Amino acid sequence: MDAIPLALDGYLASDPVPGEQEGTACWRLVSSPTDHLADDATIPCTSTDPHVVDAVFTECRPGDLLRVTGHLTLPDTAGGAIRLRADHLEVLRGAPELGAEEHSADTGTATDAEADRNRAIHALAEALTGLGHETTPGAGPSIRIHISPTGTLGTGLEHCHSIDLTPVRAHQLADQVDAMNCHLENEHPDPDTVLDAETIADLIELFEDIDLVGLTGAVLNATRPESRPAVTQALDDMFGDRPVPGTEDDQ
């Protein structure tokens, strides 16, 4: 069966090992070829190219994000295994080192934090995957987002995902993030912000000019009769006990 040309991004699952023939290397790549979480797959890789063999043994370590280009060989039998024969290898991102503080963290706290982190990664990956698979006019997917835990990824590769987006979807996502950032900034105003005296005077004048009696009457006139007691109470709570137009208190 003919081999299929393929470029695949994925995480190095474990240390590579020498192949059966001298000067070859074998390793496993964890990848999501369709960007769906359920399709995460481990792809066996091999290479006889001396540059690839040298790179995978000397430059790569478990958890590194790799781009492997080569030919995918399909099995001749139902029980056979697919294998990617690599002609080129590129390290897209190295797995970060664990710091001393992370090694000495309390086990119980670390476990809870790790579970919360994994749930957050799963939710984010699902949301971005759905966004990436919605059809939009214009160019096809050309932007790839990689999501993974920080730290050494030798035991957390199932939480690594790659999602492809179109430029249109990427712009929309950026706009939504900007809007979220603006909302968060509004929720937490700068405590050092001080209004100038002119602005304060304008605000005082604005509120002094409000006719609370007239406002109350307008609101009650627009309110159904059965709801007026509750609305009156709400207005009293907001503005104080003001006389209701048309009552003895307003005479």
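This is a predicted model: local features need pLDDT of at least 70, side-chain atom pairs count only at pLDDT 80 or more; totals for chains, interfaces and linings use all residues.
Local features need pLDDT of at least 70 and side-chain atom pairs count only at pLDDT 80 or more, while totals for chains, interfaces and linings use all residues. Residues are numbered from 1 along each chain as its sequence is written, and side-chain values use heavy atoms, without hydrogens or water.

The protein chain holds 7 helices and 8 strands (DSSP runs, H or I of at least four residues and E of at least two, numbered from the N terminus). Of its 251 residues, 27% are buried (under 20% relative accessible area; exposed is over 50%, partly exposed in between; 1.4 Å probe, protein chains only). The accessible surface is about 16400 Å² (Shrake-Rupley method, 1.4 Å probe). Carbon and sulfur atoms contribute 55% of that surface. Among contacts (heavy atoms within 4.5 Å) with a separation of 6 or more, 60% join residues 24 or more positions apart.

T42 belongs to strand β4, residues 41–47. T42 counts as partly exposed because its relative accessibility is 42%. Leaving aside residues up to four places away in sequence, T42 touches R28, L29 and V30. The C-alpha atoms of T42 and L157 lie 9.9 Å apart, across 115 residues of sequence.

A surface patch of negative charge comprises D196, E198, D202, E205, E208 and D209. Patch residues have over 30% relative accessible area and no salt bridge, with like charges joined within 9 Å (salt bridge: a Lys or Arg side-chain nitrogen within 4 Å of an Asp or Glu carboxyl oxygen). E198 lies in helix α5, residues 197–208. At 59% relative accessibility, E198 is therefore exposed.

Terms used. Patches are made of residues with over 30% relative accessible area and no salt bridge: like charges are joined within 9 Å, nonpolar side chains (Val, Leu, Ile, Met, Phe, Trp, Tyr) within 5 Å. Lys and Arg count as positive and Asp and Glu as negative; His and the chain ends are not counted. The place of a charge is taken as NZ of Lys, CZ of Arg, CG of Asp or CD of Glu.
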